[in-house]
Each structure stands twice: as structure tokens, then as C-alpha cells.
2 protein chains.
Amino acid sequence: MAVRFEQIQDCQQTNARLGRLHTPHGTIETPIFMPVGTLATVKTMSPEELKAIGSQIILANTYHLYLRPGHEIVREAGGLHTFMNWNRPILTDSGGFQVFSLSKLRKITEEGVSFRSHLSGEPLFLGPEQAMEIQNALGSDIAMAFDECAPYPADREYVRQSAERTVRWLKRCKEAHQRTDSQALFGIVQGGMYPDLRVENAKAIVDLDLPGYAIGGLSVGESKEQMYEMISHTTPYLPKDKPRYLMGVGSPDALIRGVMLGIDMFDCVLPTRIARNGTAMTSQGRLVVKKAEYARDFTSLDPECDCYTCTKYTRAYIRHLVKADETFGLRLISYHNLHFLLQLMTKVREAIRNKQLPEFANRFLTQYYGSDELSVRF
Amino acid sequence: MAVRFEQIQDCQQTNARLGRLHTPHGTIETPIFMPVGTLATVKTMSPEELKAIGSQIILANTYHLYLRPGHEIVREAGGLHTFMNWNRPILTDSGGFQVFSLSKLRKITEEGVSFRSHLSGEPLFLGPEQAMEIQNALGSDIAMAFDECAPYPADREYVRQSAERTVRWLKRCKEAHQRTDSQALFGIVQGGMYPDLRVENAKAIVDLDLPGYAIGGLSVGESKEQMYEMISHTTPYLPKDKPRYLMGVGSPDALIRGVMLGIDMFDCVLPTRIARNGTAMTSQGRLVVKKAEYARDFTSLDPECDCYTCTKYTRAYIRHLVKADETFGLRLISYHNLHFLLQLMTKVREAIRNKQLPEFANRFLTQYYGSDELSVRF
């Protein structure tokens, strides 16, 4: 099997777990945050920088790479690892989410989804077989099943039919999957905001016995409490000896809460996206470095941080770069933000190891959000 | 004196010379190309990367930094070196060139230039005293005199008056210059495309006994032959024991030809600007990596190059990044292009040392431009 999960330690107070995920490109310590490299590059960052901040695995987007440069070119290059000079694990999503969120004029049938490229308008088709073929060509360590991420809000009947189709698509993905010894196929649990549909869907997907399971269709507009509720309803039906991946979630509170609910893997564009707006994640919460008040602030982005950005540059300099649209400003904030989330996950793993996760979580969140509003929930 | 030039070796076949320029932030081996860090950042590059490719000195723009973030902020930060985390030498231009090339509604008087910011439209004024005050605040190792770069073409009478005013402005710069032991003031020879005005201007400026001299007002639209002719008329009047700086020139042929005419220092935005168009400078000439023919080209940008970009990435990958507007693509090409020009200057210095400059020049230019059209001139 391409991927094997090993649970190292339970958290006695929560459902968090410490684990190791063995992949063809190395072993990942979980829980982990995965930086997103949409187009075979984590925006502004070099692979060496990603390693320097402790990125164990990155994510790349099937839909985007299918459109540009095309999976055949990546295959000819020797796969995504060689193409982008990244020799650690890669997870690729299936394109399902982007087909629904980015493309135009999509039409869903049992066969798959017809849509138009959000770039060229070209008519295209993705179904389970195509998503698997593309991911096979990309050569990621973990491939995701082709699913429909139902819109939010959506009525129960729509979500039920969509989730059931996702199970049928998953069977076809499993059938079409070509490289089972070098690439693991993860299934995705859907079911919208309906607990019973989530449970039913989780059971049906787990029946297919895959090396890992994701929870999809969350962080789509619902409240965080609703998201946590859906996770709580799902995880009891996911096997303990397989990794669990919560898709598209990356805010510090959701990462910590997700871990406590038994999630092992997360990804999100948040750290690099907010960097482009000049926003840093710091131990004191978000800092909008573009603000005028930082023009003469010669302290670092985060006084508690020892990353490259924080040891070498001031808020005043970074603000200047961001205001002047200088790429190096984005580099510095992206570097810091990714380092921040990866460090957070390192501390979360330490806290699980030391049986102090709730205490750590309370302390961290109170400092980050400036109140104990979030922390009291634990 | 803040800056001292030491000539190490003459070239017997040309006017090229090997030298050392001692500055408060270290010694530079000349002839040298200076990467341009307009806004206190060499576009897309980190200071560590600039050092890795052998940048000995960089240039920053007074006009741009005066507008953003303002020289007072840089002064408060402890000067440009601290502000931007660069501990090697920095040369700042005077803002003169940008006032003429970028700003709107400028009005020149004996006092200086009234203009409007190209960003905000705000009315501003720069004269010799202001240019010196700003550069003093920036704390560069080398400050440039405030000059007028006459337009091209311009009639003789206009150029004569402008060049004479530039001499009077230089006197005021020298007068206003505050930090003579930590910052050197270089004068700038003007005179348009009129050999006798160039000579007259050079004499008048050299009379003021400065630690270095630049040739300005070239590469403004005239032919390269005309530019070389103007340099040839000027350098005989510049003292041998002072560094000579040809402003705004960076194409490989002009660098080599400039060195042969006795120039020690060059700067140009060319390597980073063409990177933004997806163009690389290679030992085989310019390569427009965006072209469709490179979509499946899994070789490096330059087969003869051993830089980070060329040892790790393919044309196909870089083309993909450039087509997708990914910052990392610009980083990779900028890195390579700057490395290319800095390596060229290293080879030029070696060739002078080995008394083989003309042979090296012929070989290099024939390969770069794909013909011996340029090389036969030597």
C-alpha cells in the first residue's frame, strides 16, 4: 500500500491523536497543515524555503494543473515532484471542488461534469476516470476521489442525491485507479449540513476500504459551530487506523478544534491569500501590516516568532514593500504565515504528546483572538 | 574619504582596468554590474540570494524612496542598509533622472525642479540640497549628484545650458553634502550627444575633485555606436585613479564595450525587467521562455549555467509559472538573469587579469548574439 497510517498516541481529554503517515516520499507527522501549491508552486515560495519552515507535505490542485500546463506535460516531466523540484509528499485534490467553485456553465450527469474552463471558456469534462487519470499522471502520493461539493445552503434531497452519486463516483475512482502501490486514493465524505446524511455517507465510503478519508463540503459558508458539529457526527464512523483529512480549513481556531475532533490533516490557501492583502498571522492575532500605524514600527511582525522574516525585517519595511506592490513583501509575509501555521501544528503535536492539548489550546486561542470567547468552549 | 579606488591592473589591448573600490560596507572588485533595488528591494530577490549570486553592491533610487516610504522613515530605521537587511555597499542615484523620466509637469529653474509625484500628483521639489539631504538620510555608501539628464534628441544650446547648470548644481551638492567620511559623492558628466560639450563638462566636473565620476545622459534613445562615441570622448578627461560609472546600461554588449572603454561600474533594470516578460539571458542569447516551443522542453534555461534556477528547474516548468503569472517564475528568471550578468562581469575581470579581454569578448558576443557582427568591431 502506498500510504500507511500509524497512530502513535491518543489524547485522553479530546479525540486528538498523534500519528505518522508513511508515504512513498517520506513520513509525515500528524496532525499536519499542508501548504497549498495550486499551480505546482506554493505562491511566492521556493521548495527550499518550504522545507526550511518545516512543510512535510504540500497540496496541488488537479483542476488547475489540468488546465495549465496540462497533466500530460507534467507526466512527461516525470511527475509533479520532478516538475516542481519537491521531493517530499504531495497530495492532489480531485478537481471536484474547483469544477464547482470556479468553472462556468457546469452540467452534472451520472457520468461526470461538463464545464467550461474559467480561463479560456473551452468546454471540458471531468468525471471519476478523468480525475484519476490526471492524478495518476501528476504522480502525487495521495490522490483524492472525484466528488461533488454540494452548495451551501442546499436542500436535503439535493444533498442526499449528490452524496450518493459521490459514493458511486468513488467506486469508479477506485476502479480506475492505476498506481495503487505508489499512490493512495482517499475517499471524501459529503452530506452537507445533514448529520444523518453525513453518517450514511461516511459508512458507505468506509465500506470501500480506502487508505484514508477526507471530510469535504465544509467551510463553504456555514458557521464554524455547524462545521464542528458535522465533523463530530462524521469522525465516529471513520476508522481509527486511517488518516482523516478536513479539506480547505486553515484558521488557527479551526485547526485546533479540528485536531480535537480527531482530524489529522488540513489544507488551506488562507496563509498565502491573506499575505497578498498584507495580513500576517501572529501570536497576538492578525496584523494588517499595511495600516498607517506600522509605517514607523521597527519591530518584527510577531515578537514571539523566530522565522526568517521576523528575525531580519521590520513591520515598517514590510509595510513599505506591500504598499509598493513589491513581490518581496508577499514573500516575507507568506513565509511568516506558513511558518506560523506549521509551528502551530508542531506545538499541537507537542501538546498531545505532553497530554496538555486543552491547556495549550486555551492559552493559544486566548492570545490569538484576544479573548477567551473561543477557548471556553473546550 | 568614504570611498577609495585602487587600480590593480591595466588591460594592454583596451582601456579596460581591473580595480578595487573600498567603501564603508566593504570592497568591490571592478568592473562591476550593480543590480537595481529601486524601492529598497531588488525585484523578487532576497538579500541572501543577491549575495549567493555574487552581488557586491546594489543601487537604490532616491526619487522612489523619497516618495515611498519617505527618507525620514528610512533614516529612523537606521538607514537603507538596516531597513532592507543589506550589509554590503549601496549606491543611490540622485533622483534627477526619475524626475525627468517619470514625474509630471516638471519645471526646471536654477534652484531645482518642481514636479508632481507620478503616484499621487502631489507637487514636490527636488534640488541639489534636497537630493543630498535625502541621500544622507538613506545612508548609501555612494551618493550621486543631482543632475539634469537632457532629453534625446535635444538641440546644442539646450544641452549646453543644461550641462552648465548641472555643474553649478554639483557645486551645491558638494556644499550640502553632510557625511563625507561615510558617504562618497560622485559627479555626473552630461553633454548630450555633443562631443565638445561632453569634454567641457567632464573638465568642469573633474575640477571639483570628487571620489568618483559617472557618465550620465546616455542610453536614452541614441544608437549604441553613438553612446560608445560619447564615452570615448569623455573617459580621457576622467582621472585614472577614480572610479567611472556608466549609468543605466546593462546589455551584455554594452557592458563589455563599456569596460573596454574604461568604465568600472554599471547598473540597469534590464535583467529583472525582462524577467517579468519571461525573457532569460543565456550564453546562447536571449530566450523568451513563454514561447510555445518550450512547453515540453525539460532542459534548463541555459545549458552552460550552474545557478540555482538552471540546476533545479526546466524551461517547461518556468514557462508554466510565467504563463500562470506565478511569482516564483519571476523569481527564478530574475535570479538567473542577475547571476548571468554578475558572472559575465566575473569573467570580464578574469579576462582582464589574464590579458585576454578582446578574445573573451569576441567569443562571448559571437555566442550571445549568434554572429560576429558585434565582435569584429574590436
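How many residues does the contact take from chain A and from chain B? I looked this up first: 36 residues come from chain A and 36 residues from chain B, with contact meaning heavy atoms within 4.5 Å.

A note on the ground rules. I am working with a predicted model, where local features need pLDDT of at least 70, side-chain atom pairs count only at pLDDT 80 or more, and totals for chains, interfaces and linings use all residues. Residues are numbered from 1 along each chain as its sequence is written, chains are lettered from A and ligands numbered from 1 in the order in which they are written, and side-chain values use heavy atoms, with hydrogens and water left out.

Next, the interface. I found a buried area of about 3100 Å² between chain A and chain B, 55% of it from carbon and sulfur atoms; this is the accessible area (1.4 Å probe) that two parts lose on being put together, summed over both. I noted six salt bridges between the chains, each a side-chain nitrogen of Lys or Arg within 4 Å of a carboxyl oxygen of Asp or Glu. One pairs A:Arg296 with B:Glu76, with the closest N and O atoms 2.0 Å apart.

Then I turned to A:Glu49. I see that A:Glu49 counts as buried because its relative accessibility is 15%, and buried means under 20% relative accessible area (1.4 Å probe, protein chains only). Leaving aside neighbours within four places in sequence, I list A:Thr44, A:Arg331, A:Tyr335, B:Glu49 and B:Arg331 as the contacts of A:Glu49.

Definitions and conventions: Buried < 20%, exposed > 50% of the residue type's maximum accessible area, 1.4 Å probe, protein only.
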